[in-house]
Amino acid sequence: MNSMTGYGYKEAVVEDTQISVEIRSVNSRFLDLNVNLPSFLNILEKRIRQMIGNQVVRGKVDVTIRVRDLTTNAVISADPKAAVMYRDAFVSVAKALGMEEKDVPLELIIQQEGVLNVSHEYDAESYWHKIQTVFEPVFAQFVEDRKREGENLKVDLLHKLDVLDECAAFFKEWQPKMEERFKEIISKKFHELLDDHVDENKILEETASMLVKYTINEEIIRLHSHLTALRKEMTEDPVPGKRIDFICQEANREINTIGSKNQFTEIGSVVVQAKDALENIREQSKNVE
């Protein structure tokens, strides 16, 4: 079980290139992956997406990679024709102002657009080999962070599930007691009204009628089934988040029905306890991948 929140960061100099990689994630219903790269390395985005997508199923994941060359790989070229054109234009203006040709400085000419051209040669593959040495340990740190937090979540979820199991066991234990309690209540009312002229068959008939209306046996069976499914998801499914939320919705229906049928204080307090534990599980499942 993994958490959807995680973080990894590293900065290093690899072959005269300073590289920083940061990976962070927060909760999301699906995998929402954003990769931020220098524009000249956009060709590497697909590769990074595949690497992350192979291990991450859910979460909003932001990947930021920064690259800065400590030595220049710039290629500078000159356009003499453009320089001559600029010089002739500047000289013409200078003469019109009563100045001499020598008053036109070289610095002014070379600053003009197109006279000097600077270009950079980028080999994305060679950059990837540098980035990879930083990216891989950061990604491993990120995955481990999610796993560590996920294990903490798992412990908490299983503890809450133990509480639900105890509640379900209490409901099951109380189910046969309900018949005796209903029989006692009805018998008392009949004796108050009819004194000693009570028909025992009538008491049994009324008791059976109340049991049909208020029995929670089916709800208990379904609740046990949902709790078994929850435990299986938590212990066996590596990405159980969505399934946990769905099963919790089903279990919540059964607990609500038990609560609505309940006629006894003892059951009512346990219903509240069960709903609280289930709500905690649902909230925590939003953090689980």
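Colleague: Let's begin with E15: in which loop is E15 found?

Modeller: E15 is in the loop between β1 (6-14) and β2 (17-26); strands are DSSP runs of E of at least two residues and helices runs of H or I of at least four, numbered from the N terminus. Before we go on: this is a predicted model, where local features need pLDDT of at least 70, side-chain atom pairs count only at pLDDT 80 or more, and totals for chains, interfaces and linings use all residues. Residues are numbered from 1 along each chain as its sequence is written, and side-chain values use heavy atoms, with hydrogens and water left out.

Colleague: Is E15 buried or exposed?

Modeller: Buried means under 20% relative accessible area, exposed over 50%, and partly exposed in between (1.4 Å probe, protein chains only). E15 has 62% relative accessibility, so it counts as exposed. D16, at 45%, is partly exposed.

Colleague: Now the inside. Which residues touch the most other members of the largest nonpolar core?

Modeller: In soluble globular proteins, nonpolar side chains tend to be buried together. A nonpolar core here is a set of buried Ala, Val, Leu, Ile, Met, Phe, Trp, Tyr and Cys residues joined through side-chain atoms within 4.5 Å. The largest has 33 residues, and L164, F171, M234 and I267 touch the most other members. Two or more residues come from each of α4 (124-194), α6 (217-236), α7 (241-261) and α8 (265-285), with α4 giving the largest share, eleven residues. Beyond its neighbours within four places in sequence, F171 has contacts (heavy atoms within 4.5 Å) that include I220, I258 and I267.

Colleague: How do the axes of α6 and α7 cross?

Modeller: Two packed helices are described by the angle between their axes and the distance between the axes. Here the axes come within 9 Å and cross at roughly 155 degrees; axes are lines fitted to C-alpha atoms over the stretch in contact, with angles from 0 to 180 degrees between N-to-C directions. Angles over 145 degrees count as roughly antiparallel, so α6 and α7 are roughly antiparallel to each other.

Key: Parallel < 35°, antiparallel > 145°, perpendicular 65-115°, else oblique.
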